[in-house]
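Please read these notes with the model open beside them. They are numbered so that each point can be checked on its own.

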Amino acid sequence: MGIVAIIVGSALYKQIDFNTMTVEKPALSVLYAVTFLFAVAVLVRHYTRRAEK
C-alpha cells in the first residue's frame with residue numbers, strides 16, 4: 001500500500017496546477033484522491049494496530 005500511495009500521490013501532484021489552483025482532468029483527479037486517501041487510511045490503520053500489540 002505504501003508503493004500505491006506514493007505512485008498515486010505523485011500522479012495527483014502532477015495533475016494540480018498551483019498557479020491557477022485547477023486540475024487538468026477533474027474526474028481522474030478525484031479518482032486519484034480517493035485512491036490516495038484509501039491507501040493512507042489503510043497504512044495508518046495498520047501502523048496503529050501494530051503499535052497496540
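1. A residue is called buried under 20% relative accessible area, exposed over 50%, and partly exposed in between, using a 1.4 Å probe and protein chains only. This is a predicted model, in which local features need pLDDT of at least 70, side-chain atom pairs count only at pLDDT 80 or more, and totals for chains, interfaces and linings use all residues. Residues are numbered from 1 along each chain as its sequence is written, and side-chain values use heavy atoms, with hydrogens and water left out.

2. The structure holds one aromatic pair. Tyr-13 and Phe-18 form this pair, with 5.4 Å centre to centre and 45° between the planes, and it is tilted. Rings of Phe, Tyr and Trp (its six-membered ring) pair if their centres lie within 6.5 Å; planes under 30 degrees apart count as stacked, over 60 as edge-to-face and the rest as tilted. Tyr-13 is exposed because its relative accessible area is 55%, whereas Phe-18, at 45%, is partly exposed.

3. Helices (H or I, at least four residues) and strands (E, at least two) are DSSP runs, numbered from the N terminus. Leu-12 belongs to helix α1, and so does Gln-15, in the helix that covers residues 2-15. Leu-12 is buried, since its relative accessible area is 17%; Gln-15 is buried at 11%.

4. Contact means heavy atoms within 4.5 Å. Not counting residues up to four places away in sequence, Leu-12 touches Ser-29, Tyr-32 and Ala-33. The C-alpha atoms of Leu-12 and Tyr-32 are 5.9 Å apart in space, although the two are 20 residues apart in sequence.

5. Is Ser-29 buried or exposed? Its relative accessibility is 7%, so Ser-29 counts as buried. Ser-29 sits in helix α2, residues 26-52. Beyond its neighbours within four places in sequence, Ser-29 is in contact with Leu-12, Gln-15 and Val-23.

6. Where is Met-21 found? Met-21 is in the loop between β1 (16-17) and β2 (22-23). Met-21 is exposed because its relative accessible area is 61%. Its phi is near 55°, a positive value in a residue other than glycine. Most residues other than glycine have a negative phi.
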